[in-house]
Every structure is written in structure tokens, then in C-alpha cells.
Amino acid sequence: METVLTHSDISVIQLAVTAVVLPFVAFLLNLFIVPRQSKLSGVLSGLAIGASLALSVFVFFEVWNQPALHVQQIWFTVGSTQIRLGIWLNNLSVLMLLLVSAIALPVHVYSIAYMKGDNHYTRYFAYLSLFCFAMLALVVVDNLLLLYAFWEMVGFASYLLIGFWFTREKAIQANKKAFLMNRIGDVALLTGIMLVYTHYDTFDIVTLFGDHSLATAAATATATKSVTIAGLCFLAGAVAKSAQFPLHTWLPDAMEGPTSVSALIHAATMVAAGIFLLGRVYPLFNTEVLTVIAIVGCFTAFMAATIALTQTDLKRILAYSTISQLGYMMMAMGIGAYSSALFHLATHAFFKCLLFLAAGVIIHEMQHLKRKHRLHIDAQNINNMGGLRKIMPVTFITCCVAALALIGFPLTAGCLSKDGILIQGFAWAEGKGWAYSIIPIGAVLTSLLTAFYIGRLMFKVFFGESGLEGISADSEPEAHEENPLLYLPMILLALGSLFPLFSLNPLKFESAWIVKGFADMVNKTESSGELVPFLISALSVCVVLIAYGVYVRQKLQWLKFKGVLFNMSYNQWYIDTFYNGIIVRAVVGLSRAASWFDTYVIDGIVKLIAGTGLVLSRISAWIDRYIIDGIIHSITYFVKQAGNFIRGFQTGRVQGYLFTMLIIVLALYILKTFI
Amino acid sequence: MSMLSDFMFISAGLFCIGIYIVLSKRNAIQILIGIELMINAAILNLVAFGKYDDLANSGQVFALFAIVLAAAAVAVALAIILNVYRQYKTIDPAKVERLKD
């Protein structure tokens with residue numbers, strides 16, 4: 001366990017810590033020192049994350065496929081239990097470190113242009129840096145408690161950024177919803193951590209889940225019930241953070257935040273934290289939990305894809321697409337395609353971030369048109385768009401790359417990762433009975449649906465004629481992509497969505513370096529379905545063509561835009577309605593009942609006691625006033641009267657006194673004589 | 001030879017006159033005179049009883065002391081009356097009421 005670290009190892013760890021802390025420094029500076037509205041804040045945050053990226057790249061090349069680095073020191077001691085904290089750099093950590101900073105940098109650059117002129121420019125970058133810090137820290141820490149702390153912190157940063165435009169009622173509703181939904185998962189995660197602690201007596205991730213770890217031994221030996229429950233708790237935490245069914249409804253609403261935030265947090269990085277968590281604690285899961293993960297992931301992927309088919313809000317479509325893709329990764333985790341899941345996480349981060357950034361540009365353009373022509377339209381509704389490819393060629397091309405990557409078209413990064421998942425899915429289901437093959441078939445269906453909805457999105461936005469009356473591409477000659485800060489990040493991300501970044505061989509997912517890096521974690525499976533990816537690609541192309549026919553040519557009229565299925569999809573499977581109708585109403589009803597109980601029973605008892613006290617005190621006040629005071633008053637009255645009576649003798653006349661004295665003396669003599 | 005009882009009667013009469021004067025007069029000087037009468041009644045008694053002490057004549061001697069004391073008391077009383085007059089512009093004891101509470 002205790003290996004002596006060389007000097008270079010220590011410097012690598014120091015660099016990794018620096019990479020993590022730099023955004024935090026930017027956050028503090030932006031929050032306390034940089035004046036409000038200063039242009040400096042964007043540059044500062046951008047520089048911080050840029051430096052983080054540079055350090056991450058260095059750390060990555062030092063650690064990747066090398067023995068994991070681990071340093072720790074005692075954090076605090078409770079009784080005889082020592083809680084240690086430290087940094088654990090293995091392949092997974094450095095991959096995430098690199099990925100997060102690599103996605104965050106373009107988003108920062110984009111934000112500098114995108115948020116220009118916003119009233120809370122500095123605050124935006126402060127939050128963004130806070131998020132980056134929390135996310136980077138989350139991936140490198142080696143302690144479940146710290147992991148939980150940063151897990152909460154990314155959630156909090158996400159909350160702040162969803163509600164960034166806090167004057168909008170919808171944004172406030174959305175960030176509350178996101179926060180509450182995540183809370184459910186957080187409670188589950190905390191429960192899971194406690195269960196793990198009770199079982200293994202440590203929070204240390206390396207001891208728990210590293211090589212030759214406790215959990216590995218336990219999972220292979222006897223799967224106890226508490227380990228299964230702990231696994232399910234971790235899963236629930238991941239489900240909330242990664243917006244999986246049934247806790248996914250916060251993510252579409254979270255699109256109320258700035259689009260660049262959606263790109264970074266709600267598409268590429270934070271939502272992937274759930275998948276990352278599953279990857280971190282992977283040895284904990286036994287077969288049952290893995291099956292549950294696969295089912296949840298597959299169902300979410302399918303459900304979200306069907307919902308994305310009919311949504312009209314540009315960002316909502318992308319949000320559901322994100323949910324669907326996260327479901328894919330979750331499913332991949334469940335079926336044991338650990339490396340493919342992380343590979344898909346990495347590729348998805350690039351193209352989904354790109355799609356969101358493009359959406360931001362498109363929405364800006366639509367708002368510009370809206371202002372220019374004084375229209376009362378929803379700038380995010382794709383029915384109002386159309387023909388934008390002539391106005392915004394760069395956006396169009398980069399979007400095409402991202403969409404193809406999402407579909408899994410050959411030569412893109414998405415193709416590699418998605419094929420990996422599908423092939424391993426079929427291999428997993430093989431020989432396990434027909435029920436298990438539902439999962440890979442569901443995945444295939446989802447991927448076809450994905451092709452359709454992203455095709456629909458692309459055709460509605462970029463092709464055909466504008467959905468607005470009297471506005472065509474010709475009447476809008478000026479290009480609105482003049483700001484290189486907006487489209488440069490998009491081009492970079494588009495390049496990242498192509499295959500060369502991940503693999504030299506565009507058709508074989510096994511040759512991707514990420515997959516190789518995690519090969520030791522994967523149960524070796526013979527890739528049986530070599531034909532599967534080609535078949536799916538072909539089908540996807542067909543589906544895209546159908547979408548083209550429906551939305552551009554408008555020839556194929558057999559798709560009904562009404563009916564039960566359409567309504568179900570359009571209303572997002574009525575899940576929100578269900579939550580509002582059943583759970584929210586139940587909670588509200590319970591609160592009302594509690595409030596009634598409080599008002600009438602508790603308050604009644606309190607009032608009764610108060611009334612009794614009041615009556616008692618009235619009685620005692622009466623006794624006090626009339627009896628106690630009466631006695632005292634009568635005594636004083638008697639004394640006063642006696643005094644007054646005796647005072648009468650004091651005439652001040654000497655002769656009177658003398659006379660009285662004489663009479664008394666005489667009286668005494670007379671009495672003495674007679675008695 | 002007069003009887004001891006005669007002296008006693010005269011003395012009692014003098015005392016009664018003195019008391020009457022003290023109680024009834026509206027002039028402090030007159031009251032003082034009344035007091036002197038009462039003192040003299042007492043001195044008369046002393047002298048009368050002194051007849052029974054032939055050897056030391058202590059009755060006579062005591063009477064002399066009493067006369068001297070009475071004279072001193074009169075001097076003090078006259079001084080008080082003078083001061084009372086200065087204070088109240090009257091020597092009627094009924095009008096000097098400030099002794100009451």
C-alpha cells in the first residue's frame with residue numbers, strides 16, 4: 001500500500017492540486033476583488049481555467065496508463081478512527097480532470113462573448129469558476145466524505161447558475177426544482193456512504209475501490225444485502241445527478257439558465273458526475289445492482305429519446321437528448337462496458353457542449369430577429385426557425401458535425417463510443433435469456449430515435465424556409481457570427497467531436513485510447529456483432545432521410561401530429577404532471593393537514609393552557625387585590641386612625657398638658673384610695 | 001404654738017393657688033409666679049418638717065438649697081420667656097403651639 005513517491009510524482013500531484021485550486025482563486029477574486037461589471041472577470045476566469053487545462057494536460061500525460069498516484073494525510077481523528085484525505089490520480093481521475101478543463105475552457109471563452117453586457121457579468125464568472133473548482137476537486141479526491149462535499153458543491157453551483165437570471169420566475173422555479181430533485185439523490189448517496197462506512201469502516205476510496213480492494217473481494221465473495229443496498233443508494237445519487245428516470249425532470253427545466261451554463265454544466269460535466277461516481281465505486285456493484293443500473297439507463301435513454309421527438313423548444317430537445325445519452329452511459333455501466341461508458345462520456349461532452357453553444361448562438365440570432373421585426377415569438381421555438389444555414393454557416397457546419405456524432409455516424413467520435421456500447425450490449429445479453437436482450441434492442445431503438453429527433457432539429461432549424469412570415473435568408477444579408485470568441489470554441493469542439501482525437505482507426509472502438517486505458521476494468525467480451533454498428537449506421541441514415549422527407553420536403557404525411565403517442569411524448573410522458581398531481585399534491589395535502597393540526601390541535605392545546613393560566617392568574621390577581629391588599633390596607637388604616645386619634649392630644653399647649661397630667665395623677669390617687 | 005397640720009394646710013393652699021395660676025393664666029410671667037408659689041409651698045413643708053430635726057437642722061438647710069435652686073430656675077425661665085417673646089411676639093403660652101407634632 002505505502003509506496004515511496006518519487007520527487008517527480010510529488011510534483012505531479014502538486015500540479016494537479018494547483019489545477020484544481022486555480023479556478024477557486026479566480027472565484028474568490030471575482031467575488032471579492034474584481035469590480036462589478038468589469039471585463040477583467042471573464043479574462044481572469046478564462047486564464048485560470050486555461051492554466052488548469054495546461055496543468056491537466058501535463059498531469060494527464062504523466063499519469064495516464066502509469067501506476068496510480070495517491071497521497072493522503074490525516075484529516076481528523078474521531079476516537080480511534082482516523083479520517084484521511086488526499087488525492088488519488090488514476091486513469092479515471094486524470095481523464096475527467098482533462099475532460100472537464102478541456103470543455104470548460106471553450107465555454108469560458110464563449111461566455112466572455114455570450115454574457116457581454118449582462119448586468120451580473122462578474123457574478124456569472126465567479127459562479128462558473130466555483131463550479132469548475134468543485135468539479136475538478138470532485139474527480140481527484142480520494143475520500144467519500146470529501147467527494148460528497150464537492151458533489152454537493154457542484155449541485156450548489158448548478159443551482160446558482162440555473163437561477164442566474166433570478167428575476168425570472170421560471171428560472172427560480174427551475175433552480176428550486178433542480179435543487180430539490182438533487183436532494184433526493186444526495187440523501188441516498190449519503191446513506192450509501194454511511195452504509196459503506198459501517199460495512200468497511202473507512203471512507204478511503206482507494207482502500208475501498210482501488211486495486212485489490214475491500215469491495216472487490218466482497219463483491220466476488222458473498223454479496224451481502226447491505227452491499228446491495230449501498231450500491232442502490234450510490235445508484236440513486238447518480239440517478240439524481242445524471243438526470244435519470246425517475247429523477248430526470250429537473251434537467252429540462254434547468255435550461256432556464258444561460259445557454260453556456262447549460263452547455264458546460266447540464267450537458268458536458270456536472271451531469272456526467274453521476275456516471276463518474278458509478279465509475280469510481282464500480283467494484284461495489286454486484287450483479288443485481290448492475291442489472292438495475294442497466295435497466296434504469298436503458299429505460300431513461302428510450303424515454304428521453306421519445307420525448308425529444310416532439311418537443312419544440314430548442315434547448316429542451318437538447319436537454320432530453322442529454323438525458324437520453326446519459327441513460328446510454330448508465331446502461332453501458334450496467335452491462336459492464338465500463339470503458340465504453342467513460343469513452344462515451346468523453347465524446348458526448350464534446351458534441352453535446354457544442355450543440356448547446358450552437359443553440360446559444362441560434363437563440364441570440366432569433367432574439368435579434370425578434371427585436372428587429374418587433375415580433376412576439378418564443379425565440380427558442382424551433383418552429384419559428386428555418387433556413388438559418390445561409391445566415392450562420394459556421395454554426396451550421398459545426399452543428400452538423402455534432403449531430404452526426406450524436407447519431408453515431410462513422411468518422412465521428414460518437415460512432416466509436418456508441419458502437420462500443422451497442423456491441424458490448426449484445427455480447428452481454430447473449431446467452432442470458434430473451435428478457436436480457438430487451439436492453440440492447442432498446443439501445444438500438446433509442447439510437448434510431450436519436451437519429452430522427454436530431455435530424456428533425458437540424459432540418460427545422462437550418463433547412464427550409466423561415467417559420468416567420470416575411471423573413472427569408474435573403475432579407476437578412478448580414479452575418480451575425482462576427483464575434484470570433486463565439487464561434488472559435490465551437491470550431492474547437494467540432495474538431496474534438498471527430499474521430500482523430502480519440503482513435504486513429506475510425507471504425508474500431510477497441511483501438512480508442514480511452515478504451516485501452518480502462519481495459520483492465522472490463523470483463524473481456526468477444527465482440528460478436530461486428531456488423532451491428534454498420535447496420536445501425538445504415539438504419540440511422542434511413543431515419544435521417546425520413547426526417548428530411550417529413551420536415552424539409554414535407555412529402556411524407558403519414559406521421560400524425562396528434563394521437564395518444566404524440567401527446568404522451570409532447571407532454572413528456574406526463575411525468576411532470578404525475579409528480580405535480582400525485583407527489584406535490586400529496587406533499588401539499590400533508591402540509592395542509594399538518595398545518596390544520598398545528599392550527600387547531602396544537603394551537604388549541606396551547607391556547608387552552610394559556611386560557612387556563614389566564615383564568616388562574618385572574619383569580620390570583622383578585623385574591624391579591626382584595627384579600628392580601630385588603631388586609632394590608634386595613635392594618636394601615638387602623639394604624640393611621642389610631643395615629644390620628646392620638647395626634648389629637650398633641651395640642652401644643654403646655655397648660656393643657658399640665659392639666660391632663662394633674663387629672664391623671666388625681667385620678668390615680670382617687671382610684672388608689674378606693675380600690 | 002401652731003400645729004404642724006396648720007403649716008400643711010397653708011402649704012396645700014399655696015400649692016393649689018399655684019396650680020390654679022399655672023393652669024389658668026394667659027401670661028407666662030404669671031405662670032412663673034404660680035410656679036414660685038408651688039415651690040414655696042414645698043419649701044414651707046420642708047421648714048415645717050425641719051422642726052423635728054433639732055440637731056442638724058437639715059430641713060432648714062434643704063429649704064435654703066431649694067430657694068437658691070428656685071431662684072436659678074426663675075432666672076432660666078425668665079430667659080426662656082424673653083426668647084419666646086422675641087420669637088413669637090407674645091408670652092401667652094396658649095399661642096405658642098409649635099411644640100405639637
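What follows is a walk through the core, then the other parts.

Modeller: Keep in mind that this is a predicted model. Start with the largest nonpolar core, which has 216 residues. Two residues have the most contacts inside this core: L97(A) and C353(A). Which helix gives the most to this core? That is helix 15 of chain A, residues 338-373, with 20 residues.

Now zoom in on C353(A). What is C353(A) in contact with, once its neighbours within four places in sequence are left aside? The partners are I103(A), V107(A), A263(A), L264(A), A267(A), A268(A) and L493(A).

A second, separate core has 6 residues. Among them are L37(B), M38(B), I43(B) and A63(B). Three of these names, L37(B), M38(B) and I43(B), come up again in helix 2 of chain B, where they are buried. Other buried residues of helix 2 include A28(B), I31(B), L32(B), I39(B), A41(B), N45(B) and A48(B). What covers them? The cover includes helix 1 (4-24) and helix 3 (58-88) of chain B. Helix 2 itself runs over residues 28-50 and has 23 residues. From first C-alpha to last, helix 2 of chain B reaches 33 Å, close to the 33 Å expected.

Step back to chain A as a whole. Its secondary structure comes to 25 helices and 2 strands. Of its 675 residues, 47% count as buried. Take the contacts in chain A between residues at least 6 apart in sequence: 80% of them join residues at least 24 apart.

The two strands deserve a look too. Strand 1 (residues 69-78) and strand 2 (residues 81-89) of chain A pair in the antiparallel sense, over 9 bridges. H70(A) stands opposite W88(A) in strand 2. The hairpin has 2 residues between the strands, and G79(A) takes a positive phi near 60° there.

Last, the place where the chains meet. There, 10 residues of chain B are in contact with 10 residues of chain A. On the side of chain B that touches chain A, 6 residues are nonpolar, 4 are charged and none is polar.

Note on methods: Residues are numbered from 1 along each chain as its sequence is written. Chains are lettered from A and ligands numbered from 1 in the order in which they are written. This is a predicted model: local features need pLDDT of at least 70, side-chain atom pairs count only at pLDDT 80 or more; totals for chains, interfaces and linings use all residues. Two strands pair if DSSP finds at least two bridges between them. Helices (H or I, at least four residues) and strands (E, at least two) are DSSP runs, numbered from the N terminus. A nonpolar core is a set of buried Ala, Val, Leu, Ile, Met, Phe, Trp, Tyr and Cys residues joined through C-beta atoms within 7 Å. A residue is buried if 20 or more other C-beta atoms lie within 10 Å of its own, exposed if 12 or fewer, and partly exposed in between; C-beta atoms are placed from the backbone. Two residues are in contact if their C-beta atoms, placed from the backbone, lie within 7 Å. Ala, Val, Leu, Ile, Met, Phe, Trp, Tyr, Cys and Pro count as nonpolar, Asp, Glu, Lys and Arg as charged, and the others, Gly among them, as polar. The expected span of a helix is 1.5 Å times one less than its number of residues.
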